[in-house]
Amino acid sequence: MMGNRGMGMGGEGSTIHQLFAYHDQIHRSVEDIPGGIRAITESDNPQVAALIQSHVSRMYARLDQQDPIPMIGMSATLPKMMQAHQKYQRQLHKTAKGIEVIETAIDPNMVMVIRDHAREVTQFVEQGMPVMRNGRMRRYAQ
């Protein structure tokens with residue numbers, strides 16, 4: 001049951017806020033692979049799983065089109081990924097409960113950014129919005 005925090009789709013900013021609000025219903029695993037990461041982000045709640053799938057698909061589309069991403073300034077790694085969107089490969093596979101992402105690069109610096117971003121997203125999932133408000137995401141900026 002979603003309670004009073006409805007699951008409406010009022011734009012990407014709203015989707016991001018909903019994902020933060022339901023971070024405790026999201027499960028995420030990240031594995032370092034040669035040249036990058038493999039991450040699986042899922043939820044047992046079908047509505048949250050749909051939000052995850054929609055959000056990640058739209059973020060990849062925005063990267064490909066160089067369309068500004070809402071809340072980009074709250075992320076230490078997303079601006080770097082946006083600037084270097086052609087320097088790494090992205091694969092996206094929907095799962096029954098969410099999404100699998102594989103990101104790889106040849107450039108060791110880009111591999112580091114990919115891995116830092118994966119850790120940043122994991123912190124979002126584990127801690128929700130407070131991690132952003134406290135400025136902890138900046139520790140990955142190098």
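Modeller: Contact here means heavy atoms within 4.5 Å. The model is predicted. Thr122 touches Arg28 and Val30, not counting residues up to four places away in sequence. Thr122 belongs to helix α4, which covers residues 108–127. With a relative accessible area of 18%, Thr122 is buried, because buried means under 20%. The side chain of Thr122 also makes a polar contact with the side chain of Arg28, at 2.9 Å, and a polar atom of the Thr122 side chain lies 3.0 Å from the backbone oxygen of Ala118.

At the N-terminal end, Asn45 caps α2, with a side-chain oxygen 2.8 Å from the backbone nitrogen of Gln47. The buried residues of α2 include Val48, Leu51, Ile52, Val56, Met59 and Leu63, and among them are also Gln53, His55 and Arg62.

After α2 comes Gln66, which is placed in the loop between α2 and α3 (78–83). The phi of Gln66 is positive, near 55°, although Gln66 is a residue other than glycine. Most residues other than glycine have a negative phi. Gln66 has a relative accessibility of 38% and therefore counts as partly exposed.

Note on methods
Residues numbered from 1 in each chain as written. Predicted model: local features only at pLDDT ≥ 70, side-chain atom pairs only at ≥ 80, totals over all residues. Heavy atoms only, no water. Helix = DSSP H or I, 4+ residues; strand = E, 2+ residues; numbered from the N terminus. Buried < 20%, exposed > 50% of the residue type's maximum accessible area, 1.4 Å probe, protein only. Polar contact = N/O pair within 3.5 Å; in protein donor to acceptor, adjacent residues only side chain to side chain.
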